[in-house]
Structure formats: structure tokens, C-alpha cells
Amino acid sequence: MIRLNLPEYEINVAEKDGKQQIFDFLRRKFVALTPEEWVRQNFTHFLVEHKGYPKALLANEIQLSIGDKRLRCDTLLYNKEMQPLMIIEYKAPHIQIQQKTFDQIVAYNLLLHADYLVVSNGLQHYCCQMEYEQHSYRFLTEIPDYQLIANS
């Protein structure tokens with residue numbers, strides 16, 4: 001896998017049935033090592049180890065439903081009341097982040113009403129803070145530390 005624009009961490013990779021797997025420390029199991037999964041694992045480690053996000057409040061691969069349609073949210077950060085605080089959407093490093101990526105995360109947020117939306121392909125990271133009372137949002141210059149968003 002390629003080097004990402006994220007700090008390195010101690011990677012736990014194994015092989016099963018001739019396919020590489022990576023240990024997901026949030027789900028506590030090995031999962032298929034795809035380019036998108038590579039980004040997810042690096043990004044969640046970055047959040048926990050460098051930004052102070054509590055591991056217990058993060059969850060990967062959350063199923064959502066809109067009528068008969070099933071959606072899968074890549075990562076959610078919950079607040080202490082277990083309400084969604086941040087939605088994170090990942091793309092593989094070779095996938096350019098485009099408007100449809102933002103459209104996808106906004107669709108999730110129609111259901112979840114989170115305060116922060118993050119999109120990353122491991123090389124580029126975008127974070128915006130929702131401002132519901134003003135019916136707007138603003139892009140942040142970096143991914144905020146957990147202490148900044150936990151008390152907002």
C-alpha cells in the first residue's frame with residue numbers, strides 16, 4: 001500500500017486464503033485490506049493517537065436505512081450521549097475527491113444530523129463544521145482535536 005498523508009502507526013497485517021487482511025482495532029477483527037480500508041485504518045489511528053479521539057466513541061461500517069435503501073457509513077464519531085458528532089467518508093488514495101463524495105456524506109447527514117463531516121482519500125482531507133442555525137457550513141483548515149469538538 002502507498003504512503004498516505006497521515007502519521008504512520010504499527011500496522012497489523014495478515015494473510016488468509018491468499019488475501020491480505022488488516023486488523024481493525026475498532027471492530028477488533030481482521031478485514032480485507034483494500035485501498036479504502038488502508039485509508040480507514042490509518043485515519044482512525046490518526047484520530048485516536050494524534051487527535052485524542054476516544055476509541056470507544058468511534059465505530060466503523062455503520063448501516064443506515066432510508067426506506068428500502070441501505071447505506072453504509074464508513075466511520076462515525078459519537079458524543080458521550082451516543083449521538084452522531086462526526087461522519088467520516090473514505091475513498092481509496094487513487095480516487096479523486098469530487099462533489100459526488102460530498103453529496104454522499106450529506107445524504108448520510110440528512111439521517112444523522114452530525115456537527116462535523118470529514119472526507120479523506122488518505123492524501124487529501126476535508127473537514128467541515130455544520131452551522132444548522134445559519135443553514136450553512138464552513139470548511140476547517142485541519143481535522144480538529146477531540147477536545148475542541150467535544151465541548152462545542
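Me: Is Cys 127 buried or exposed?

Reply: This is a predicted model, so read every value as computed from it. Burial is judged by relative accessible area, and under 20% means buried. Cys 127 has a relative accessible area of 2%, so Cys 127 is buried.

Me: What about Cys 128, buried or exposed?

Reply: Apply the cut-off again. Cys 128 has a relative accessible area of 7%, so Cys 128 is buried.

Me: How many disulfides are there?

Reply: Start with the rule. A disulfide needs a pair of cysteine sulfur atoms within 2.5 Å. The count by this rule is zero. Take Cys 127: its nearest cysteine sulfur belongs to Cys 128 and is 6.5 Å away, and Cys 127 is in no disulfide. Now turn it around. For Cys 128 the nearest cysteine sulfur is that of Cys 127, 6.5 Å away, and Cys 128 is in no disulfide.

Me: Which residues does Thr 44 contact, leaving aside its neighbours within four places in sequence?

Reply: Contact is a distance test on heavy atoms, with a cut-off of 4.5 Å. With those neighbours set aside, Thr 44 touches Phe 25, Leu 26, Asn 60, Thr 75 and Tyr 90.

Me: Where is Thr 44 placed, and is Thr 44 buried or exposed?

Reply: Thr 44 sits in helix 1, residues 35-51. Its relative accessibility is 0%, so Thr 44 counts as buried.

Me: How do strand 1 and strand 2 run, parallel or antiparallel?

Reply: Two strands pair when there are at least two bridges between them. Strand 1 (residues 13-16) and strand 2 (residues 19-24) are joined by four bridges and run antiparallel.

Me: Which residue takes a positive phi in the hairpin of strand 1 and strand 2?

Reply: Asp 17 does, with phi near 55 degrees. That hairpin has two residues between the strands.

Me: Where is Glu 61, and what is its phi?

Reply: Glu 61 is not a glycine, and its phi is positive, near 60 degrees. Glu 61 lies in strand 4, residues 58-66. Its relative accessibility is 27%, so Glu 61 counts as partly exposed.

Me: What is the phi of His 135, and is His 135 buried or exposed?

Reply: Although His 135 is not a glycine, its phi is positive, about 55 degrees. His 135 is in the loop between strand 8 (125-131) and strand 9 (136-140). Over 50% means exposed. His 135 is at 76% relative accessibility, so His 135 counts as exposed.

Note on methods
Residues numbered from 1 in each chain as written. Predicted model: local features only at pLDDT ≥ 70, side-chain atom pairs only at ≥ 80, totals over all residues. Heavy atoms only, no water. Buried < 20%, exposed > 50% of the residue type's maximum accessible area, 1.4 Å probe, protein only.
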